[in-house]
Amino acid sequence: MPAVSVEDVLVLPRIPTPDPAVARPRPVRSVTTAPRGLEGEGFPVRRAFAGVSSADLDPFIHMDQMGEVDYAPGEPKGTPWHPHRGFETVTYIIDGTFDHQDSNGGGGRITNGDTQWMTAGAGILHIEAPPPELVASGGLFHGIQLWVNLPAASKWNPPRYQDIRGNQAALVTTADGGALLRVIAGELAGHVGPGITFTPVTLVHATLSPGAAIELPWRPSFNALAYVLAGRGSVGAERRPVHVGQLAVYGPGEVVSLAAAGNQDGPSTDFEVLLLGGQPIREPVVHYGPFVMNTREEIIQAMEDYQAGRLGSIPASAMPHRREGDVDLAGPHSPAS
Ligand code: MN
C-alpha cells in the first residue's frame, strides 16, 4: 500500500492511551457490509455507507471505496463531467493516480496518499479520470471518495479546492508503536491534519500491524465511524469482528478502539482502516444524484440551474472527455442506498 508510510513508526509522536477512569469506550452500534457497485464510467466501488441511517452518518453523506482493483491495459476508468451543489467531495488516493479538473479552475493530479478536497458550495462541474498513460498501462487503483455535508448557511458559498499532498498529513503512532495514523483532516490528540472543512471533522487513515490494538481519544460531540479498507480485525472494547468492506458505527463515548487480527490472511499484510468523525449538522437532508440540499425545492432548483449552465461550464482547457450531454443526473453518484 503506497499511501504515505514511514520506515520506523517509533520515531513518530505518540498518542497517549486514554485514561479509562475518565474516558468511556464507545460501544459498537452497528457493523454493515458495503455492497458492490459501479461508478462514473464503470469503475468498481463498494458503497461504504449503504444501510446506515443518515442520522448516524451526519455530517457525512456518502462514501465509495474505489477498488481495490488491478486494471488490465485499457481498463482504467473515470467519471464524465458532472455537477455538484451543497456539499464537499473528498478524494483520497491510496494506490494509483487520478487527474481532476473543475469549472472553478481547480484541479491537479493526485496519487499515492494525496487527497483533493473540493467544496462544491453553490455549484461546480468536475471530472476525475486516470491519466492517459495509466489507461494505457493499467495497474493498481485504490481510493476513497467521501461526501461531507455543508450546513445550510454554507451551501451557497463559492466553490473551493484544496490540494493535500500525502506528506502533509500529520503522522503519529500509539504508545506501543503498533499503528501508523495519518491525520488527513481535523485533529487527533492535538495532532492537526491539513484538510480545512466548514463542518468540523476528523479523518484518519490507520494502518495496524497484525495483533496491534489501539485506543484513540475521540471528541465526544463527534460521531465515529470505522471503515475497513483492507484486512481483518475487530472494533470496540467488545472486539466485534470486522473485515474489508465493512463499516462500524460507534455509539457515544470518548474513546474509539480497534484491533488487528494476529493473522492477516488476505492480500494485505496489515489491517487498514479509515476513521471518520464529525460534528453532526442536524438539518434536513434531501439528496438526489449529485446534489445535497435541505429541501426538495432546492433540488429542483439545482437541476434547473445545472441545465441552464449556472453551476459552471466546462473550461476550454478541459482534459479529453465524453460529451457532457451524456451525463445522467440520476447516474453518477446516484443515491442508490
Ligand atoms: Mn463528483
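Where is Arg239 found? Arg239 sits in the loop between strand S21 (232–235) and strand S22 (240–243); helices (H or I, at least four residues) and strands (E, at least two) are DSSP runs, numbered from the N terminus. The model is predicted, so local features need pLDDT of at least 70 and side-chain atom pairs count only at pLDDT 80 or more, while totals for chains, interfaces and linings use all residues. Residues are numbered from 1 along each chain as its sequence is written, and side-chain values use heavy atoms, with hydrogens and water left out.

Most residues other than glycine have a negative phi, and most peptide bonds are trans. Arg239, although not a glycine, has a positive phi of about 55°. With a relative accessibility of 51%, Arg239 counts as exposed, a term that stands for over 50% relative accessible area, with buried meaning under 20% and partly exposed in between (1.4 Å probe, protein chains only). Arg282 is likewise not a glycine and has a positive phi of about 55°. Its place is in the loop between strand S25 (271–278) and strand S26 (286–288), and Arg282 is exposed, at 66% relative accessible area.

One runs from Asp58 to Pro59, with omega near 15°, and Pro59 lies in the loop between helix H1 (54–57) and strand S5 (60–71). The bond from Gly67 to Glu68 is also cis, with omega near 5°; Glu68 belongs to strand S5.

Turning to the sheet, eight strands form an open arrangement in the order S1-S14-S15-S18-S25-S20-S23-S2, with mixed pairing. Here two strands pair if DSSP finds at least two bridges between them. Strand S1 (14–15) and strand S2 (28–33) are the edge strands, each pairing on one side only. S1 runs parallel to strand S14 (residues 170–174), to which two bridges join it, and Arg14 stands opposite Thr173 in S14.

Aromatic contacts complete the description. Rings of Phe, Tyr and Trp (its six-membered ring) pair if their centres lie within 6.5 Å, and planes under 30 degrees apart count as stacked, over 60 as edge-to-face and the rest as tilted. By this rule there are four aromatic pairs. Among them, Phe98 and Phe141 form a tilted pair, 4.9 Å centre to centre with 50° between the planes. This pair links distant parts of the chain, 43 residues apart, with Phe98 in strand S8 (residues 97–102) and Phe141 in strand S12 (residues 139–149). Both Phe98 and Phe141 are buried. Ring pairs also link these two residues with Phe43 and Tyr71 into a cluster.
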